[in-house]
Amino acid sequence: MCIRDRSTGNDPKHRMEAKSPLRGILYGSVASCVAEAATMPIDVIKVRLQYQGSDGTLQYKNLREAFRGTVRAEGVNALFKGIKPAMVRQFTYGGLRSVSYTHLRAHETPEHLVCRLLLEKKKH
């Protein structure tokens with residue numbers, strides 16, 4: 001049979017899934033926010049390195065110098081500039097992405113996808 005239901009929860013691969021869509025949204029949102037907070041300093045320094053030189057001057061020679069220079073000149077809080085809008089984005093996007101992926105994965109298995117593609121091919 002081409003279509004197989006994977007939403008039964010008996011499969012060990014599905015043990016990590018949330019019990020309800022709201023929990024899934026919450027778990028995905030929190031995980032995305034943690035990842036954003038952990039990578040924010042790196043992203044801020046990356047953007048500063050990319051932006052330097054646009055006016056013809058280079059302020060930093062490498063990643064380490066950019067990191068130290070930013071902290072010395074502006075403090076540690078400078079590494080988290082833009083964290084509030086980033087958290088809002090990640091909270092909404094991460095939660096919805098997690099639930100959407102879980103829902104789609106439960107209904108569109110690789111076997112189902114192959115069967116659907118074969119049926120479409122037969123129509124043409």
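User: At what angle do helix α1 and helix α2 pack?

Analyst: Axes are lines fitted to C-alpha atoms, for helices over the stretch in contact, and angles run from 0 to 180 degrees between N-to-C directions; helices are DSSP runs (H or I, at least four residues), numbered from the N terminus. Here α1 (residues 21-51) and α2 (residues 63-74) pack at about 105 degrees, with axes 10 Å apart, which makes α1 roughly perpendicular to α2 (65 to 115 degrees). This is a predicted model, in which local features need pLDDT of at least 70 and side-chain atom pairs count only at pLDDT 80 or more, while totals for chains, interfaces and linings use all residues. Residues are numbered from 1 along each chain as its sequence is written, and side-chain values use heavy atoms, with hydrogens and water left out.

User: Which residues of α1 and α2 meet?

Analyst: Contact means heavy atoms within 4.5 Å, and by that criterion Ile45, Arg48 and Leu49 in α1 meet Leu63, Ala66, Phe67, Thr70 and Glu74 in α2.

User: Which residues are buried in α3?

Analyst: Buried means under 20% relative accessible area (1.4 Å probe, protein chains only); in α3 the buried residues are Ala86, Gln90, Gly94, Gly95 and Ala106, and their cover includes α1. Across the protein, buried residues make up 21% of the 124 residues.

User: What span should helix α3 have?

Analyst: The expected span is 1.5 Å times one less than the number of residues, so the 25 residues of α3 (residues 83-107) should span 36 Å, which agrees with end C-alpha atoms 35 Å apart.

Definitions and conventions. Helix = DSSP H or I, 4+ residues; strand = E, 2+ residues; numbered from the N terminus. Parallel < 35°, antiparallel > 145°, perpendicular 65-115°, else oblique. Buried < 20%, exposed > 50% of the residue type's maximum accessible area, 1.4 Å probe, protein only.
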